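Reader: I have a structure to read and would like to go through it feature by feature. Please show it to me first.

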Amino acid sequence: MRLPPELLDAIQQETEKIDRRRLLHATAQLTEHYQAADFSTPAIATDAQRAAYLAVRLPATYAANRRVFSEINMRARGSEITSLLDLGAGPGTALWAAAEEFSALQRATLIETDEHWLRLGKALAEPAGASLPQAQWLRQDLRSGLSCDRHDLVVISYTLGELPSSSAEETLRKAWKFAGRYLVVIEPGTRRGFATVLAARSMLLENGAAIVSPCPHASACPMAAAGDWCHFSQRIERTSQHRQLKGGALGYEDEKFSYVIAAKEPQAGSGARIVRHPGKHGGHVQLALCTPEGKLESRTVARSSKAAYKLARKAEWGDIWPH
């Protein structure tokens, strides 16, 4: 997966405004902040930190958003998603991912507290022109209440876990009210991020939501019961600037994320979910599955099961497995 060319060019233009030494220092600060997972103080407060975020964090969050949106697209075929509401939009990352995934997307409302992100998001989107849907950028603080109309898809991406628990609960309730068809919550693929997603899932189920993905059931999470955490991974292509700022030699980065998609209407069952990297060996494939019965299951697919084995050889972490 890679960023749209228009977005890559816009990011390059923004980062070139910052002295390279300042950009390297800001990247290090950003990495330290996210590793510490301390959200009591803002992670991004300067132009250099915002530019560093565009270069090294936006691609990863874009990848996670687009991967999650593809789960909706498999069911809605893109034709049902005509409007997007992004709560905590930052520089508009989810807008770009949704525009790539949903061909019928016509309008978007992006709500963000930080006026600097609003200005920067508009600047990034302007060169794209008609390739992005009509967007309304609004400055609102998620901690002090929200006012909005309904949208087909509501997204809270890498935001809910940074809010105080009381604000997070109220934001989620309002987000569910604003969702016409789907609500998506995405968080980092850490124990802490998963805990935020799990709490959101519980609240959504209490309010009558149908869980679309990744869970193939509405029962208690068996991974949480086992002391584990449910997360997935999406690979994103790195630019040369990305590699230089992160000090990485690889041409790609794997973003770990946890998520939940909730729907207003009941959804057809889709099978079990592969919750770990498949173990692909010479004569068999080992799969770790979360099943529609709400259980974790380890399944061995042998070469002798020709059709299933062929499917298992192609299977990846996060895919649906026919149950």
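Reader: Where is the place of Ile-274?

Author: Ile-274 sits in strand β9, which covers residues 272-274. Helices (H or I, at least four residues) and strands (E, at least two) are DSSP runs, numbered from the N terminus. This is a predicted model, in which local features need pLDDT of at least 70, side-chain atom pairs count only at pLDDT 80 or more, and totals for chains, interfaces and linings use all residues. Residues are numbered from 1 along each chain as its sequence is written, and side-chain values use heavy atoms, with hydrogens and water left out.

Reader: Is Ile-274 buried or exposed?

Author: The general idea is a cut-off: buried means under 20% relative accessible area, exposed over 50%, and partly exposed in between (1.4 Å probe, protein chains only). Ile-274 has 0% relative accessibility, so this residue counts as buried.

Reader: Which residues is Ile-274 in contact with, leaving aside its neighbours within four places in sequence?

Author: Contact means heavy atoms within 4.5 Å. The partners of Ile-274 beyond those neighbours include Phe-232, Leu-287, Leu-289, Trp-317 and Trp-321. Glu-316 is another of them; the C-alpha atoms of Ile-274 and Glu-316 are separated by 7.4 Å, while the two residues are 42 residues apart along the chain.

Reader: What share of contacts in the protein join residues at least 24 apart?

Author: Taking contacts between residues at least 6 apart in sequence, 72% join residues at least 24 apart.

Reader: How many helices and strands does the protein have?

Author: The count is 11 helices and 13 strands. As for burial, 51% of the 323 residues are buried.

Reader: What is a salt bridge, and how many does the structure hold?

Author: A salt bridge is a side-chain nitrogen of Lys or Arg within 4 Å of a carboxyl oxygen of Asp or Glu. The structure holds 16 salt bridges. In one of them, Arg-2 pairs with Glu-237, and the closest N and O atoms are 3.1 Å apart. Arg-2 lies in the segment before α1 (5-15) and Glu-237 in strand β7 (residues 232-237), so the pair ties together parts that are 235 residues apart in sequence. Arg-2 is exposed, at a relative accessible area of 53%, whereas Glu-237 is partly exposed, at 40%.

Reader: What does Arg-66 form a salt bridge with?

Author: Its partner is Glu-101, with the closest N and O atoms 3.0 Å apart. Because Arg-66 lies in helix α4 (residues 58-76) and Glu-101 in helix α5 (residues 93-101), the pair ties together parts that are 35 residues apart in sequence. Glu-101 counts as buried, at 15% relative accessibility.

Reader: Which side chain meets that of Arg-143 in a salt bridge?

Author: That of Asp-141, at 3.1 Å from N to O. Arg-143 counts as exposed at 52% relative accessibility, and Asp-141 as partly exposed at 24%. Elsewhere, salt bridges that share partners join Arg-66, Glu-100 and Glu-101 into one network.

Reader: What should I look for in the backbone?

Author: Most residues other than glycine have a negative phi, and most peptide bonds are trans. Here Tyr-158 has a positive phi, near 55°. Tyr-158 is in the loop between β4 (151-157) and α7 (165-178), and counts as buried at 12% relative accessibility. A cis peptide bond joins Ser-213 and Pro-214, with omega about 5°. Pro-214 is in the loop between β6 (210-213) and α9 (222-225).

Reader: What radius of gyration does the protein have?

Author: The radius of gyration is taken over C-alpha atoms, and the globule rule is 2.2 Å times the number of residues to the power 0.38. With 323 residues, a compact globule would have a radius near 20 Å, and the protein has 20 Å, which agrees. Along the principal axes, the C-alpha atoms fill a box of roughly 60 × 45 × 40 Å.
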